[in-house]
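I wanted to look at pockets and strands today.

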Amino acid sequence: MTELKSKVLEILNEDARRAPELVATMLGAPVEEVLTAIAELETEKVIVKYAPVVNWSKVEDDKVTALIEVQITPERGRGFDAIAERIYLFPEVKTLYLMSGAYDLLVEVEGHNLKEVALFVSQRLSSIDRVLSTKTHFILKKYKQDGVVFEDHEDDNRLMIAP
């Protein structure tokens with residue numbers, strides 16, 4: 001990857017709303033080169049989506065998010081990929097990671113309520129061949145996501161007392 005593409009990625013990752021003209025100015029590069037770099041990154045599927053970070057708790061409270069640890073037996077010849085594909089095709093699944101450690105996959109699932117997520121785990125996820133066990137953790141509150149802090153906090157304006 002070229003240095004220009006790498007720098008463009010860093011800038012857009014920080015704020016995807018930045019116009020190519022601003023990115024070009026920040027990098028001291030011609031706008032045409034920045035536009036070409038962005039187009040190539042999109043074609044190469046390095047940039048796959050431009051999305052905001054939304055604090056959903058300020059918009060709606062009826063969305064439930066769970067992180068599910070999944071232990072699986074890998075499939076001969078395809079390893080974890082075949083089972084991962086079956087799981088990530090479910091519309092409830094927002095994110096899926098292959099992990100090292102005590103479990104194999106980490107699945108992020110969204111539903112309208114606890115029961116909906118519980119039914120997904122018990123009826124759809126657990127019933128997949130080669131799924132050995134699941135452990136579900138419901139997210140109670142998000143403090144920070146993708147480097148963005150959601151909580152407004154007041155500065156501590158108390159006077160220091162020295163002995």
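My entries below go from the strands to the pockets.

Ground rules: this is a predicted model, where local features need pLDDT of at least 70 and side-chain atom pairs count only at pLDDT 80 or more, while totals for chains, interfaces and linings use all residues. Residues are numbered from 1 along each chain as its sequence is written, and side-chain values use heavy atoms, with hydrogens and water left out.

Entry one, S3. I took strands as DSSP runs (E, at least two residues) and helices likewise (H or I, at least four), numbered from the N terminus. Is S3 buried or exposed? Seven of its seven residues are buried, meaning under 20% relative accessible area with a 1.4 Å probe, protein chains only. Leu105, Val107, Val109 and Gly111 point one way, and Leu106, Glu108 and Glu110 the other.

Entry two, partners. Two strands pair if DSSP finds at least two bridges between them. S3 runs antiparallel to S1 (residues 64-72) over seven bridges, and Ala66 sits opposite Val109. S2 and S3 are also antiparallel, joined by five bridges; Leu96 has Val107 as its bridge partner. In their hairpin, with six residues between the strands, Gly101 takes a positive phi near 115 degrees.

I used a 1 Å grid over the protein atoms alone: a pocket is an open set of points where a 1.4 Å probe fits, with protein on both sides within 12 Å along at least five of seven lines, and lining residues have an atom within 4 Å of a point. The lining has 29 residues, with Ala51, Pro52, Val53, Gln145 and Asp146 nearest the centre. H1 gives the most, four residues.

Key:
Buried means under 20% relative accessible area, exposed over 50%, partly exposed in between (1.4 Å probe, protein chains only).
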